[in-house]
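These are my notebook entries on a structure that I had not examined before. I record what I looked up, entry by entry.

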Amino acid sequence: MTKISRRLFLKRATTALAAIAVAPSLASCEGLSESESRQIRKIAPLVGEYDVVVVGGGPAGFIAAIAAARRGAKTAIIERYGFFGGMATIGYVAPISVFALKNELVIGGIPWEFVKRLESMGGAFIEWPKANIDFDVELYKLCCQRMILEAGVDIYTHSAMVGCEMVGNKIDSVIIENKNGLETLTSKVFIDCTGDGDLAHMAEVPMQPNPDGELQPSSFCFILSGVDTKSELLNRCMYHNGINGPSQCKPVREKLLAMKAAGVDLPDFGGPWFNNVMHEGSVAVNITRRAVDSTNNRNFSEVECQLREDIFTFTKVLKENFKEFKDCYVASTAPQAGVRESRRILGVHTVTADEYVNAVRYEDSISRGIHPIDLHASKGTHQHRVDLTKPAYVPYRALITANYPNLLVAGRCISTDRQALASLRVMASCMGTGQAAGAAAAQAIANNQAVQDIDTAQLVATLKEWGAVL
C-alpha cells in the first residue's frame with residue numbers, strides 16, 4: 001500500500017482540489033486505494049523514471065548529478081530556478097570557500113574539475129594558497145549547465161518539488177510543479193541537495209534538535225558597480241587568500257561600528273566582505289544580516305523585504321563615507337537572500353565540532369573541509385570563529401539516516417551539530433559531499449543495495465579515482 005506524504009501537494013487550482021475530494025486520506029497520510037492513486041496520477045502524470053533523482057541544483061546538487069551520471073546511473077536533477085549553482089548564483093555568495101591548505105588541495109575530483117573548467121572559460125580566479133575561488137556569476141551558470149548536460153543528466157528547471165510518495169520508509173516518487181502543471185518522477189535513489197532538507201522533511205526523516213531555536217542569520221548579497229576596485233582599500237580586502245590581511249574590510253567595519261555607537265540608526269551587519277567578481281569596478285557585497293527561518297515562508301518573505309531595504313541603506317552609507325564608493329550603485333541584487341542554517345538530518349552519525357576541529361578520521365571518510373568554524377550571531381555584528389590547523393573529515397554515515405533505504409543528503413543539510421555546520425555549510429565542502437552522494441547512489445543501484453549497506457571502501461576507491469583527497 002502506498003503512503004503519501006501530507007505535503008504531497010501545495011494544491012494547484014481546481015484539478016488538485018478535486019483530487020483531494022476523491023482522496024481525503026492525503027491530509028492524514030493514510031494509504032490510498034488504487035483508484036485514488038490513479039486519480040492522483042491523472043493530475044500529476046508520470047514523466048520520468050530514473051535511477052537517481054537529485055533535488056536541488058546548488059553546489060552539492062549539480063556535482064551529485066554529474067557524479068551519479070558518470071557512474072552509469074540514469075539521472076535527473078530538479079531545480080526551482082532556471083539555472084544551477086545555488087548560493088553562488090542565486091545568492092551571490094563569493095568566493096567559493098575553501099579548496100586548499102597551504103597550496104595543497106583538500107577537496108578534489110569533480111568539484112576541482114569544475115573550478116579548472118570555469119577558470120579556462122575566464123570565469124574563475126584561484127586565490128592560492130587557500131584556493132578560494134573568485135568567479136563570474138554568469139559563466140558559473142554556463143559551466144554548470146554544460147557539465148550537467150554533457151554527463152547526460154535530464155534537467156527539470158523552473159520546477160518546485162511539492163511532495164513525495166512513500167512506500168513504507170522508501171521514497172517512491174517526487175511530485176514537481178512547473179508550467180506543465182503537476183508532474184511525477186520516480187527513482188530508485190533520491191538525493192536531497194535542497195539545503196533546507198526539504199525532501200527529507202517531506203519524508204518525515206528525523207531532524208537535528210534545536211531546543212533554543214537559534215539560527216545563524218541570512219544575508220542578502222548584492223553587486224555594487226562604480227567602485228574603485230584598483231584602490232588600496234579594495235585591493236587589500238576583496239581577495240581572500242590570507243596574504244593581504246583579513247578578508248573582512250576593517251576600515252569600513254570600524255566606521256560602521258563608530259556610527260552605531262554614536263547613535264546612528266543602522267541595521268545589524270556582518271563583515272563587511274567585498275568580493276571579486278572578475279570585472280573591474282564591481283564587487284559582490286556581503287554586509288546585511290537578519291535572523292530568519294528560511295523554512296517559514298512568511299518569515300523569510302518578511303525578512304527579505306527588510307534586507308532589501310538594508311542593501312540600499314548600506315549603499316548610501318558607503319557612497320557618503322568612502323571615496324572608493326562615491327560613484328557606486330546597486331547593479332544587481334541576488335535572486336534570494338543567502339541562508340546559513342536551517343534543517344539538518346539526524347543521520348547515522350552526527351559530525352561534532354570536537355571531531356571536526358581535531359580532524360577525526362573515520363573509517364568511512366568520503367570528503368573533507370578546511371574552512372574555519374564560522375558561527376554568525378543571530379543578533380548584532382559578531383561572529384565566533386575557530387581556525388582549523390588541519391583538514392577535517394566527513395563520514396559517509398552523515399549523508400544517510402536510519403530506516404530510509406533510498407535517501408541520501410548532501411550539502412548544508414547533512415548530519416552535523418551547529419558548530420561543525422558553521423564550517424561544512426560552505427560551497428567547496430558542499431561540493432565534496434555532493435560528489436560522494438552521487439557516487440554512492442550509483443553504487444547502491446549497481447549492487448541492488450540500500451544506501452546503508454554499500455561497501456564504503458569501494459565508494460572511497462571511486463572517489464579517489466576521480467581525484468578526491470581522502
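**Backbone angles and exposure**

I began with Asn403, which is exposed, with a relative accessible area of 59%. The model is a predicted one. I then looked up the backbone of Asn403 and found a positive phi of about 75°, although the residue is not a glycine. Asn403 sits in the loop between strand 19 (392-395) and strand 20 (407-409).

I next turned to Glu204, another residue with a positive phi that is not a glycine; the value is near 65°. Glu204 belongs to the loop between helix 6 (198-202) and strand 12 (222-225). Its relative accessible area is 35%, so Glu204 counts as partly exposed.

**Cis peptide bonds**

I looked up the bond from Ala94 to Pro95 and found it to be cis, with omega near -10°. Pro95 is placed in the loop between strand 3 (75-78) and strand 4 (100-101).

I noted a cis peptide bond between Gly271 and Pro272 as well, with omega about 5°. Pro272 lies within strand 13 (residues 269-276).

**Nonpolar cores**

I asked which residues touch the most other members of the largest nonpolar core. This core has 149 residues, and the ones with the most such partners are Phe62, Phe99, Phe114, Tyr140, Phe274, Phe325 and Leu408. Helix 12 (residues 427-446) contributes the most to this core, namely 11 residues. I also recorded a second, separate core of five residues, among them Ile43, Val162, Ile175 and Leu182.

I then followed Phe99 in more detail. Setting aside its neighbours within four places in sequence, Phe99 has contacts that include Trp112, Val115, Lys130, Ile133, Ala428 and Met431. Glu104 and Pro111 are also among the contacts of Phe99.

**The protein as a whole**

Buried residues account for 60% of the 470 residues. Of the contacts between residues at least 6 apart in sequence, 72% join residues at least 24 apart. The accessible surface is about 18,300 Å², and carbon and sulfur atoms hold 49% of it.

The protein has 48 positive and 50 negative charges, and their mean positions are 2 Å apart.

Conventions
Residues are numbered from 1 along each chain as its sequence is written. This is a predicted model: local features need pLDDT of at least 70, side-chain atom pairs count only at pLDDT 80 or more; totals for chains, interfaces and linings use all residues. Side-chain values use heavy atoms; hydrogens and water are left out. A nonpolar core is a set of buried Ala, Val, Leu, Ile, Met, Phe, Trp, Tyr and Cys residues joined through side-chain atoms within 4.5 Å. Buried means under 20% relative accessible area, exposed over 50%, partly exposed in between (1.4 Å probe, protein chains only). Helices (H or I, at least four residues) and strands (E, at least two) are DSSP runs, numbered from the N terminus. Contact means heavy atoms within 4.5 Å. Accessible areas come from the Shrake-Rupley method with a 1.4 Å probe; for residues, only the protein chains shown count as cover. Lys and Arg count as positive and Asp and Glu as negative; His and the chain ends are not counted. The place of a charge is taken as NZ of Lys, CZ of Arg, CG of Asp or CD of Glu.
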